[in-house]
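Take a look at the structure first.

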Amino acid sequence: MLQVIESQNPGTMSKFAPYIYNSGVPVVTLSLNRNSLTISQASSNGDPNDIRWIRLSLRWFKNDAFSSDVVTFDTASTTYDNLPDSLFWMANSDASSYVLVNYPLAQWNNLLSYYASYLRPLEQRVLLTNALSLVYSGRQSLDLAVNFTSISNQKALLTQDNWEMLLNTWQSWSLLYRNASNPSFNKWIVSKVYTPLFKLTGWRNSSDVASSRSWTDKFRQTLLVGGAIWGEPTILSTAQTLYSSVERNNQSLPVVMRRAIYSVVVLSSDIGYEKISARYSATYAKATDTDHMKDLLFALCLVSAPYRISRVLGLIDANEYFTYQDRFEVASYMYSWNPVGADQAWNYMATILPIFTNTRNFASCDVVDALAQPITTQA
């Protein structure tokens with residue numbers, strides 16, 4: 001297709017080929033000196049020779065009006081000398097360029113101060129994506145992410161449908177920081193992220209399943225499991241109470257809640273692990289509900305003792321009712337959520353991948369979603 005476009009528009013191939021064939025994404029760094037904006041690029045893959053053609057939009061607010069312009073360049077750096085002395089300016093606000101934009105700290109703080117007043121919903125998401133991606137890759141300090149996701153901005157962020165991106169990023173942080181010696185961060189993420197979110201959207205009892213449909217089941221599941229990993233006390237106690245209630249009355253949890261509640265029970269204590277393990281054995285013996293088996297194994301994947309991790313991987317492998325896609329999804333869950341079991345889960349997936357690709361139409365399977373997080377992280 002590119003060759004056809006190239007024949008009609010010479011030069012197109014040279015502009016876009018690096019985006020297709022090279023790994024990484026350009027990180028554009030901006031520096032303002034009076035009205036002169038210095039724009040430089042460096043690839044996130046670390047290759048100093050990976051210099052790409054970039055089209056970068058600029059938008060600013062001056063004299064009670066918004067203005068915009070576009071800069072194109074294919075060099076390591078360029079300058080833009082027409083930026084007025086304005087209260088607000090931002091790059092790539094239309095998300096038209098496949099780049100990450102990094103600002104000086106003073107400009108980050110300036111953009112934060114105008115987040116709710118000047119930024120449109122798309123611009124809020126672009127800015128948030130840039131901030132969290134730069135923090136995650138080590139190009140900005142954690143303080144920037146803390147400022148962005150502070151409780152003062154929480155409601156504004158969530159009402160702009162940014163919650164899924166936020167929660168996925170927090171999941172990555174849980175892998176990076178859970179075992180780090182950073183008590184201030186641990187305290188912050190519980191008090192400023194999980195506690196208020198759970199009060200706003202979380203499941204407190206079985207009847208909550210049908211309420212607040214603006215918050216998806218996937219979001220609530222991730223909220224419960226992530227909060228339990230971080231030790232959020234209300235989430236831990238609520239999930240255990242829910243589980244104890246259905247266990248005591250010989251009832252069943254609503255299907256959309258099962259995986260999350262079972263996961264929290266496993267995370268809560270060794271006794272919790274034993275309870276879910278026994279429930280898995282009973283469900284496996286009946287051989288009537290593979291989805292229930294999968295939910296139980298997803299939960300058991302979060303156990304932290306290495307010998308139990310090996311046992312869970314053995315259970316996954318021994319379940320004759322599971323397809324290779326099922327096995328891949330469960331092992332992927334362990335990789336994504338359990339830092340202690342990440343290496344074992346990765347090795348397990350690497351072992352069954354050749355079998356999986358030889359026995360199923362790989363391109364048509366949902367396992368692509370399961371693979372995305374492990375491969376991205378491992379790389």
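Q: How are helix 9 and helix 11 oriented to each other, roughly parallel or roughly antiparallel?
A: This is a predicted model, where local features need pLDDT of at least 70, side-chain atom pairs count only at pLDDT 80 or more, and totals for chains, interfaces and linings use all residues. Residues are numbered from 1 along each chain as its sequence is written, and side-chain values use heavy atoms, leaving out hydrogens and water. The axes of helix 9 (residues 217-229) and helix 11 come within 9 Å and cross at roughly 5°, with axes being lines fitted to C-alpha atoms, for helices over the stretch in contact, and angles running from 0 to 180 degrees between N-to-C directions. Angles under 35 degrees count as roughly parallel, over 145 as roughly antiparallel, 65 to 115 as roughly perpendicular and the rest as oblique, so the pair is roughly parallel.

Q: Which residues of helix 11 does helix 9 meet?
A: Contact here means heavy atoms within 4.5 Å. From helix 9 come Asp 217, Gln 221, Leu 224, Val 225, Ala 228 and Ile 229. Their partners in helix 11 are Val 256, Ala 260, Ile 261, Ser 263, Val 264 and Leu 267.

Q: What is the orientation of helix 11 to helix 12?
A: Helix 11 packs on helix 12 at an angle of about 135°, the axes being 6 Å apart. That makes the pair oblique.

Q: Which helix gives the most to the lining of the second largest pocket?
A: A pocket is an open set of points on a 1 Å grid over the protein atoms alone, where a 1.4 Å probe fits, with protein on both sides within 12 Å along at least five of seven lines; lining residues have an atom within 4 Å of a point. This one holds about 150 Å³ of space, and among its 13 lining residues, Val 266, Leu 267, Leu 302, Val 303 and Ser 304 are the closest to its centre. Helix 11 (255-268) and helix 12 (270-286) each supply at least two lining residues. With three residues, the top contributor is helix 11.

Q: Where is confidence lowest?
A: The protein averages a pLDDT (the predictor's confidence in each residue, from 0 to 100) of 78. Strand 5 (residues 77-80) is highest, at 95. The lowest, at a mean of 36, is helix 17.

How values were computed: Points joined across faces, edges and corners; volume = space filled by probe spheres on them. Helix = DSSP H or I, 4+ residues; strand = E, 2+ residues; numbered from the N terminus.
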